[in-house]
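Look at the model below before reading on. The text starts with a single residue and then moves out to the whole chain.

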Amino acid sequence: MSVGNNIKVKRLEKRYTLEELAKQVGTSKQTIHKYESGIISNIPPRKIELLAKALDTTPAYLMGWV
């Protein structure tokens, strides 16, 4: 699975909207959408860490390493 798909799966599990997740990470809902759809594939490491924390998972899971 791709990073974007992993983000989306976890976001939907948590029942977060794009906007809710964006607020927790400190970005826009458009950026979260671009991460999920693969438009932005080079996500900064700090954003991966913030996404993992907000989604109660690990950066390794989001990156597809586990």
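Start with Thr-31, which is found in helix α3, the stretch covering residues 29–37. The model is a predicted one. Is Thr-31 buried or exposed? The relative accessibility of Thr-31 is 19%, and a residue is called buried when this value is under 20%, so Thr-31 counts as buried. The side chain of Thr-31 also has a partner: a polar contact of 3.0 Å links it to the side chain of Ser-28.

Now step back from helix α3 to the chain as a whole. How many helices and strands does the chain have? There are 5 helices and 0 strands, and in sequence order the pattern reads α-α-α-α-α. Along the principal axes, the C-alpha atoms occupy a box of roughly 25 × 25 × 20 Å.

The contacts show how parts of the sequence meet in the fold. Of the contacts in the chain with a separation of 6 or more, 51% are between residues 24 or more positions apart. Buried residues account for 35% of the 66 residues.

The last topic is the surface and the charges. The chain has an accessible surface of about 4200 Å², and carbon and sulfur atoms contribute 53% of that area. Among the side chains, 11 are positive and 6 are negative. The centres of these two sets lie 3 Å apart.

Terms used. Residues are numbered from 1 along each chain as its sequence is written. This is a predicted model: local features need pLDDT of at least 70, side-chain atom pairs count only at pLDDT 80 or more; totals for chains, interfaces and linings use all residues. Side-chain values use heavy atoms; hydrogens and water are left out. Helices (H or I, at least four residues) and strands (E, at least two) are DSSP runs, numbered from the N terminus. Buried means under 20% relative accessible area, exposed over 50%, partly exposed in between (1.4 Å probe, protein chains only). A polar contact is a pair of N or O atoms within 3.5 Å; within protein, one must be able to donate a hydrogen and the other to accept it, and residues adjacent in sequence count only if both atoms are side-chain atoms. Contact means heavy atoms within 4.5 Å. Accessible areas come from the Shrake-Rupley method with a 1.4 Å probe; for residues, only the protein chains shown count as cover. Lys and Arg count as positive and Asp and Glu as negative; His and the chain ends are not counted. The place of a charge is taken as NZ of Lys, CZ of Arg, CG of Asp or CD of Glu.
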